[in-house]
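Welcome to a short tour of one protein model.

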Amino acid sequence: MAEVDDQTIQCRIGTRGSPLALAQAHEVRARLMAAHDLPMSAFEIVTIKTEGDRNWSKPLAELGGKELFTREIEEALASGAIDCAVHSAKDMPTDLPDGLVLDIFLPREDTSDRLLTRDGSSLDELPEGSVLGTSSLRRAALIRNLRSDIHIVDIRGNVDTRMGKVQAGSVDATILASAGLNRLRIRTNAAKLEAPHFPPAPGQGAIAIERREADEAMRSFLSPLNHEPTTIALKCERAFLARLDGSCRTPMAAHAQAVDGRVALSATILGADGKDRMDADGEADADDATKLGQQVADQLLAKGARAILDRPLHAEV
């Protein structure tokens, strides 16, 4: 962290360059400006292109794990080129590089997904054989579980790109996170897809800030932004993921909520073809959030989830 000086940049915020990533970085900057009574000039937003941004030729699950959207940003953070990094929490691997920590979470947004069609149809109203575009294994598996007649195709891109494919007729529908639409202030007639039938990805709707573990000045600088209930919920969800070695190669969902000193978690794992679905849930004291995440993962393993986790990526669908 730079010296406190009105004439110098005090915090360099690293982020991807998509409109949504920038909106999230701008929100972090605005909150820090308010918390410390600093001008915008005290901050620099540094955009960093990741492998996931550069390679659009293959589905995400074929390219690798979640680090596709974080590796280059974390390299910049570790080297000191930036002071902190802003991420969508659902993009963050459970194993972080040595020396980096993820311990600041902003208040969580809406965790639901939305089904975008040209006419605002709900999932039940989509005509038989409709084409739905998504790069998310979780969303694809949930759709196959609920509507096996819908044809899934892989599409990638930012929110505007995916919305454009629907409007152009390239696909009949796509699925977008409510949080992203809200942060971009996009109004649509998209129908909500909500739990328990359509549970969210672990970390969905939460903005996470990563920093160097040894940088105590940055920890103190960022700490006013931390929202404790969200931090507890994410600790629980990330423990669930870590127990199952979760990545973008396995369709799974998890949603924790922390209220009045307690935390509740519901979780789901699916086969890629949508035919197999296992659900589990639990509740514990907030201090035991990590243990709860592990226990709910163990419930799924006891039901036979390992067979789903060990399936080849290219399951028959």
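Is Thr111 buried or exposed? Thr111 is buried, as its relative accessible area is 14% (buried means under 20% relative accessible area, exposed over 50%, and partly exposed in between, using a 1.4 Å probe and protein chains only). Before going on, please note that this is a predicted model, in which local features need pLDDT of at least 70 and side-chain atom pairs count only at pLDDT 80 or more, while totals for chains, interfaces and linings use all residues. Residues are numbered from 1 along each chain as its sequence is written, and side-chain values use heavy atoms, with hydrogens and water left out.

You will find Thr111 in the loop between β4 (100-105) and β5 (113-117). Helices (H or I, at least four residues) and strands (E, at least two) are DSSP runs, numbered from the N terminus. Setting aside residues up to four places away in sequence, Thr111 touches Pro200, Gln204 and His255; contact means heavy atoms within 4.5 Å.

Arg138 belongs to helix α5 (residues 137-146). What is the relative accessible area of Arg138? The value is 6%, so Arg138 is buried. Its side chain joins that of Asp113 through a polar contact of 3.0 Å (a pair of N or O atoms within 3.5 Å; within protein, one must be able to donate a hydrogen and the other to accept it, and residues adjacent in sequence count only if both atoms are side-chain atoms). Beyond its neighbours within four places in sequence, Arg138 is in contact with Asp113, Phe198, Pro199, Pro200, Ala201, Gln204, Pro251, Met252 and Ala253.

## Val101 in strand β4

Val101 sits in strand β4 and is buried, with a relative accessible area of 16%. Which residues does Val101 contact, leaving aside its neighbours within four places in sequence? They are Leu96, Ile209, Glu210, Arg211 and Glu213. From Val101 to Gly80 there are 21 residues in sequence and 14 Å in space, C-alpha to C-alpha.

## Backbone details in the loops

Look next at the loop between β9 (191-193) and β10 (207-212), where Pro196 lies. The peptide bond that leads from Ala195 to Pro196 is cis, with omega near 5°.

Arg185 is not a glycine, yet it has a positive phi of about 55°. This residue lies in the loop between α7 (178-183) and β9, and Arg185 counts as exposed at 77% relative accessibility. Asp260, also a residue other than glycine, has a positive phi near 50°. Asp260 is placed in the loop between β11 (252-259) and β12 (262-270) and is exposed, with a relative accessible area of 75%.

## How α9 meets α10

Two packed helices are described by the angle between their axes and the distance between the axes. For helix α9 (residues 228-244) and helix α10 (residues 289-302), the axes come within 7 Å and cross at roughly 40°. Axes are lines fitted to C-alpha atoms, for helices over the stretch in contact, and angles run from 0 to 180 degrees between N-to-C directions. That angle makes α9 oblique to α10 (under 35 degrees counts as roughly parallel, over 145 as roughly antiparallel, 65 to 115 as roughly perpendicular and the rest as oblique).

Residues making the contact include Ile232, Ala239 and Phe240 of α9 and Leu292, Val296 and Leu300 of α10.
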